Amino acid sequence: MEKQKYYITTAIPYTSQKPHIGNSYEIVFTDAVTRFKRMQGFDVFFLTGTDEHGQKIEDCAKKAGVSPKEWVDGITNDIKRVYDLLEIKYDGFIRTTDEIHEKAVQKIFKKLYEQGDIYKGEYEGWYCKPDESFWTETQLVDGKCPECGREVVKTKEEAYFLRLSKYQKQLEDYIEANPDFIYPEGRKKEMVNNFIKPGLQDLCVSRTSFKWGVPVDFDDKHVVYVWIDALSNYITALGFMNEEDSLYKKYWPADVHVIGKDVLRFHTIYWPIMLMALGEPLPKKVFGHPWLLFGTDKMSKSRGNVIYADDLVNFFGTDAVRYYLLSEMPYTADGSITYETLIEKYNSDLANTLGNLVSRTVAMIKKYSGGVINKTDVCDTIDEDLKKTVTEAYANAEACLEEFRMSDCIEAIMNIARRCNKYIDETTPWILAKSEETKARLDEVLYNLAESIRICAILLSPIMPSTCEKIIKTLGTDKTDYETVKSFGHIENGTTVCEGENLFARIDAEKFFEAFAAPKVEEKKEEIVAEPELPQITIDDFMKIELRVAQILECEKVAKSDKLYKLKVTLGYEERQIVSGIAKCYKPEDLIGKKVAVVKNLAPAKLRGEESRGMLLASSHKDEDGNDIINVIFLDENAKIGDRIR
């Protein structure tokens, strides 16, 4: 029986600077998904690569006194080295400077031009060099790039344009007919409400102001602009527009593009329309993941808070870094990494929970059973609870993986280790070992622990491949097929454990910071100025305010306002619109799906022509520049929508 195909890609990183650990999350995540899929029996093709053209790279090379090709060769080699360090096992690596890619891009551009989907015009507007993005006057936020907040420059030049407007209805229909195309749901609503529904403007797809790019072969003044060039990699790497296109025929359309939320617009609007114009199938899913921050800040060289994978791997080891990245990144909200939290996670999950479990179990098998795993079937009801936790783990992990909830997937697997540690406390093997009458029961307990660890290691192997290989080797078993995690009892009676090593030695945080000189997250001490107290109220006054748990479903800006969002919220039994002045402090993706406290019985009001029925609870203060800083009060995920807050 032929294996089911699975094509997964990352967004190819831009080769303007050395990658930091925030850039590495995406590749580690995609590698873990790939390993899971392979373990499940899929025929997987995992593509990654590098985006190597554009004005920013041309400028970086000039500043460094090297050619653009020398610059991108150095950065790409460094990216590949980091991928090897993190044990990334990709099937294809595409560089946009590869000849096969450049020729295919020229053919794509020419085909779209000849059929009228690309036309020549003149571009005048605002350009963000770091993001390689064009913006209209109305799209700017405080005169700066709405994506990264950096300065933009006024640009005017002859250019070719892609007719996005021609395909707007077709794109809307496709998204409507394929609800999982943009994932998660909050990202889809952001794209539809904030970018597609207001109307698509034709996209500038060539430049004349620099030369480091794929030449337009029928108009040598122009180079193909980054997004047609970079986005096409997903099909050119498979041989699209090439005589040898067997990989394209085999694997396209992609099952999923794994991308950062900052490039969601390009992958869910520009890329689908390019494919529609070419008459090719669209990818089945685009998964937009959140960012990994240093504490609460975006990593930046200028802020001095950049962490590199090399440093982390040198001290913590590859598997510990992979585990932290994948277990600590939330599904929709931004994740955080600091040396403090990494050490805490390392000690609690890896040293204490998993590492200690393996070493204790193997040591007891050696001490009490001569190193031999014996199954005796002298069972207790407590064994069934352990086995239930263990055998349900794979189904729970699979369900989370299908929704790309990687941290939840890991949590489901680590429940095995936590349950085993509790099982040891419940069964007290050291007491069973004191009597020959309880020897058979002791052997059964140790067998159950060994088998549970085996299943845990197989399920964790996509996350920590080297560590889990060591665990399986220590157990002395060859039962590693994925099918064997679905039932209990596959270690053969009489299996002998091997000499193992300490998987994760505890880290002393104080000694770490002394030796490693790593930056700590500085606590910001602010002078707190007491505000005048308001008149006291009675409990009866307070009870007149109806506070309810609500969930934000949709979020978009109010027309002609840079401060106001109109939010659709649900109380479970009804939906309503609330207008809130938080647009300068939050992006829509930061809000959609979150649970908040709302004043339900506030009298309706009109703000910029939009009705507002209620109010979000938030705190506010002014920063040192006098800007309003607003912090919405988000509620625990377990809060039930519609409940009264008292």
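At what angle do helix α5 (residues 168-177) and α10 pack, and how far apart are their axes? The angle is about 105°, and the axes of α5 and α10 are 10 Å apart. The legends below describe a predicted model, in which local features need pLDDT of at least 70, side-chain atom pairs count only at pLDDT 80 or more, and totals for chains, interfaces and linings use all residues. Residues are numbered from 1 along each chain as its sequence is written, and side-chain values use heavy atoms, with hydrogens and water left out.

**View 1. Packing of α5 on α10.** Helices (H or I, at least four residues) and strands (E, at least two) are DSSP runs, numbered from the N terminus. Axes are lines fitted to C-alpha atoms, for helices over the stretch in contact, and angles run from 0 to 180 degrees between N-to-C directions. With an angle of about 105° between them, α5 is roughly perpendicular to α10 (65 to 115 degrees counts as roughly perpendicular, under 35 as roughly parallel, over 145 as roughly antiparallel and the rest as oblique). On the α5 side, Gln170, Leu171 and Tyr174 meet Thr268, Ile269, Pro272, Ile273 and Met276 of α10; contact means heavy atoms within 4.5 Å. The residues of this contact comprise 6 nonpolar, 2 polar and no charged. Here Ala, Val, Leu, Ile, Met, Phe, Trp, Tyr, Cys and Pro count as nonpolar, Asp, Glu, Lys and Arg as charged, and the others, Gly among them, as polar.

**View 2. Crossing of α4 and α10.** Helix α4 (residues 99-114) and helix α10 (residues 264-278) have axes that come within 10 Å and cross at roughly 70°. α4 is therefore roughly perpendicular to α10. The crossing is left-handed, meaning that the near helix is turned anticlockwise from the far one by less than a right angle; clockwise would be right-handed. Ile108, Lys111 and Leu112 of α4 are in contact with Met274, Ala277 and Leu278 of α10. By class, the residues of this contact are 5 nonpolar, no polar and 1 charged.

View 3. Glycine 370 follows α13 and has a positive phi, near 65°. α13 packs with helix α17 (residues 439-460) at an angle of about 145°, their axes being 10 Å apart. The two helices make a left-handed crossing. Residues in the contact include Leu354, Leu357 and Val358 of α13 and Leu442, Leu446 and Leu449 of α17. The contact of α13 with α17 has 13 nonpolar, 2 polar and 2 charged residues.

View 4. Helix α15 (residues 406-427) has 22 residues and reaches 32 Å from its first C-alpha to its last, close to the 32 Å expected (1.5 Å times one less than its number of residues). A kink of about 25° in α15 is centred on isoleucine 413.

View 5. Tyrosine 183 and proline 184 are joined by a cis peptide bond with omega near 0°; proline 184 is in the loop between β7 (182-183) and α6 (185-196). The bond from tryptophan 252 to proline 253 is also cis, with omega about 10°, and proline 253 is in the loop between α9 (246-251) and β11 (256-260). Methionine 241, although not a glycine, has a positive phi of about 65°. Methionine 241 lies in the loop between α8 (233-236) and α9.

Methods:
Bend = angle between axes of the 7 residues up to and from the residue.
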